[in-house]
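Here is a friendly note to read with the structure open beside you. Take the points in order and find each place as you go.

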Amino acid sequence: MGRRNQTETDGEHAARHLLHGPRLPSAVVAFNDQSAIGVLTALTRAGVTVPGQVSVVGYDDDTLSRLSCFNLTTVSQSAQEQARHAVTAAVERLDQDRTEPREVVLTPHLVLRGTTAEPG
């Protein structure tokens, strides 16, 4: 499976497409933080203020999103909690011979940072 539309370059390409459209959207929600950073880069190079003219949101709460140069609003998937559940499941399989599948659903949450604003 390819990684199309998941990188900074893909985000930049998508933002350039938006820049050539008839009107900029008020917000962009990207596939992940990497592509959101690409969107930020292209918009900033074009003189578009974020979040003044366009809000940008990523998904992952990647380490890069926390850097002050990006300060990206993002959706956290609770990576530490995912890891804790994965380890618990592995231990149950190894130590307790659990064979039946188990589903764990974690609720993602919005991490507000500097790339979003109220609609104008």
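How much of the accessible surface of the protein chain belongs to carbon and sulfur atoms? The accessible surface comes to about 8,100 Å², and 54% of that belongs to carbon and sulfur atoms. Accessible areas here come from the Shrake-Rupley method with a 1.4 Å probe, and for residues only the protein chains shown count as cover.

Before you start, please keep in mind that this is a predicted model, in which local features need pLDDT of at least 70, side-chain atom pairs count only at pLDDT 80 or more, and totals for chains, interfaces and linings use all residues. Residues are numbered from 1 along each chain as its sequence is written, and side-chain values use heavy atoms, with hydrogens and water left out.

1. Overall plan. The protein chain holds three helices and four strands, and from the N terminus on they run α-β-α-β-β-α-β. Because its radius of gyration is 18 Å, well over the 14 Å that the globule rule gives for 120 residues, the chain is more spread out than a compact globule. (The radius is taken over C-alpha atoms, and the rule is 2.2 Å times the number of residues to the power 0.38.) Along its principal axes the C-alpha trace spans about 60 × 30 × 20 Å. Helices (H or I, at least four residues) and strands (E, at least two) are DSSP runs, numbered from the N terminus.

2. Burial and contacts. Of the 120 residues, 30% count as buried; buried means under 20% relative accessible area, exposed over 50%, and partly exposed in between (1.4 Å probe, protein chains only). Among contacts between residues at least 6 apart in sequence, 68% join residues at least 24 apart. A contact means heavy atoms within 4.5 Å.

3. Helix 1 and the segment before it. Look for Q6 in the segment before helix 1 (8-19). Q6 is buried, because its relative accessible area is 15%, and it touches F31, N32, Q34 and S35, not counting residues up to four places away in sequence. In helix 1 itself, the buried residues are D10, G11, E12 and A15, and what covers them includes helix 2 (33-45).

4. Helix 2. Which residues of helix 2 are buried? They are D33, S35, A36, I37, G38, V39, L40, A42 and L43. Their cover includes helix 1, strand 1 (27-29), strand 2 (55-57) and strand 3 (74-76). Helix 2 has 13 residues and reaches 18 Å from its first C-alpha to its last, close to the 18 Å expected at 1.5 Å a residue. The expected span is 1.5 Å times one less than the number of residues.

5. A cis bond. The peptide bond from V50 to P51 is cis, with omega near 10 degrees. You will find P51 in the loop between helix 2 and strand 2.

6. Two aspartates to check. D60 is found in the loop between strand 2 and strand 3, and D61 is found in the loop between strand 2 and strand 3 too. D60 has a positive phi of about 145 degrees although it is not a glycine, while D61, also not a glycine, has a positive phi of about 55 degrees. Are they buried or exposed? D60 counts as partly exposed at 33% relative accessibility, whereas D61 is buried at 13%.

7. Helix 3. The 17 residues of helix 3 (residues 79-95) should span 24 Å at 1.5 Å a residue, and its end C-alpha atoms are 24 Å apart, which agrees. Just after helix 3, D97 takes a positive phi of about 55 degrees.
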